[in-house]
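Look at the model below before reading on. The paragraphs after it go from single residues to the whole chain and back again.

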Amino acid sequence: MGLFDSFKEAMKRGSEAANAHIERERAKQQAAAQPAPAAAAKHAPRKSNLPEGVVMSTLPDDPYVFGDVKMRVTASILTKKRSGEQIDPAVQRQEIKDIAKEILMREIPASGATSGDVKTCLLAGNHIGQILIAELNSRGYEARFKIPLMIRPMQQQQQ
């Protein structure tokens, strides 16, 4: 019986070695299938879901101050150059933000939104949004809102 006992023991060790080898191979395959580390992903260009040439610009979150009323203006605008000219998206975003700021500084006081009244601010946002899109279109862009222009009064801090 000694021979069979030795044979059984050898089979058991062989089975354990085979299982260990299978586990190591699975671990290698899982490691290879995992995405690259985040550091490598930072250097890869970001794939946009927007159509070719369309750039989304979000208005800065800076408060606009008129008298004693602070207002926050938010919007996201999709733009594309009509000429088909490709410019750096960062440059295009900055140009859109500059145009928007120029129009907001001119139109907010004229619209009466400086009163801080919520209804007046909402109506002014709608009106100023139309002016902004018309101005961008006149400057060679095809422009549309992704998120409409909203003007909201900020709460004053109590002292």
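Is glutamate 25 buried, partly exposed or exposed? Glutamate 25 is partly exposed, with a relative accessible area of 31%.

Some ground rules come next. This is a predicted model, in which local features need pLDDT of at least 70 and side-chain atom pairs count only at pLDDT 80 or more, while totals for chains, interfaces and linings use all residues. Residues are numbered from 1 along each chain as its sequence is written, and side-chain values use heavy atoms, with hydrogens and water left out.

Now take the chain as a whole. The chain contains 4 helices and 4 strands. Helices (H or I, at least four residues) and strands (E, at least two) are DSSP runs, numbered from the N terminus. In sequence order the pattern is α-α-β-β-β-α-α-β. The chain has 159 residues, and 23% of them count as buried. Its accessible surface is about 11,400 Å², and carbon and sulfur atoms make up 55% of that. Such areas come from the Shrake-Rupley method with a 1.4 Å probe; for residues, only the protein chains shown count as cover. Contact means heavy atoms within 4.5 Å. Among contacts between residues at least 6 apart in sequence, 70% join residues at least 24 apart.

Helix 4 covers residues 118-138, which is 21 residues, and at 1.5 Å a residue it should span 30 Å. The expected span is 1.5 Å times one less than the number of residues. Which residues of helix 4 are buried? They are Cys121, Ala124, Gly125, Ile128, Gly129, Leu132, Ile133, Leu136 and Asn137. These buried residues pack against strand 3 (69-81), helix 3 (89-111) and strand 4 (141-153). Just after helix 4, glycine 140 has a positive phi of about 95°.

Strand 4 also holds arginine 144. Arginine 144 counts as exposed, at 56% relative accessibility. Leaving out residues up to four places away in sequence, arginine 144 touches Ser76, Ile77, Leu78, Ile133 and Asn137. Between arginine 144 and isoleucine 133 there are 11 residues of separation in sequence and 6.7 Å in space, C-alpha to C-alpha.

Leucine 78 is also a contact of leucine 50, as are Val55 and Met56, when neighbours within four places in sequence are set aside. Leucine 50 is in the loop between helix 2 (38-43) and strand 1 (55-58). At 27% relative accessibility, leucine 50 counts as partly exposed. Leucine 50 and leucine 78 are 28 residues apart in sequence, and their C-alpha atoms are 9.0 Å apart in space.

Charged side chains come next. How many salt bridges does the structure hold? There are 5 salt bridges, each defined as a side-chain nitrogen of Lys or Arg within 4 Å of a carboxyl oxygen of Asp or Glu. One of them joins glutamate 25 to lysine 28, at 3.8 Å from N to O. Lysine 28 and glutamate 25 are 3 residues apart in helix 1 (residues 2-33), so about one helical turn separates them. Lysine 28 is exposed, with a relative accessible area of 55%.

Another salt bridge links glutamate 107 and arginine 106, with the closest N and O atoms 3.1 Å apart. Glutamate 107 counts as buried, at 15% relative accessibility, while arginine 106 counts as partly exposed, at 41%. Glutamate 135 and arginine 139 also meet in a salt bridge, at 2.8 Å from N to O. Salt bridges with shared partners join Glu102, Glu135 and Arg139 into one network. Glutamate 135 is partly exposed at 21% relative accessibility, and arginine 139 is partly exposed at 34%.

Lysine 81 lies over the face of tyrosine 141, at 4.6 Å from the ring centre. For a charge to sit over a ring, NZ of Lys or CZ of Arg must be within 6 Å of the ring centre and within 35 degrees of the ring normal.

Technical notes:
Buried means under 20% relative accessible area, exposed over 50%, partly exposed in between (1.4 Å probe, protein chains only).
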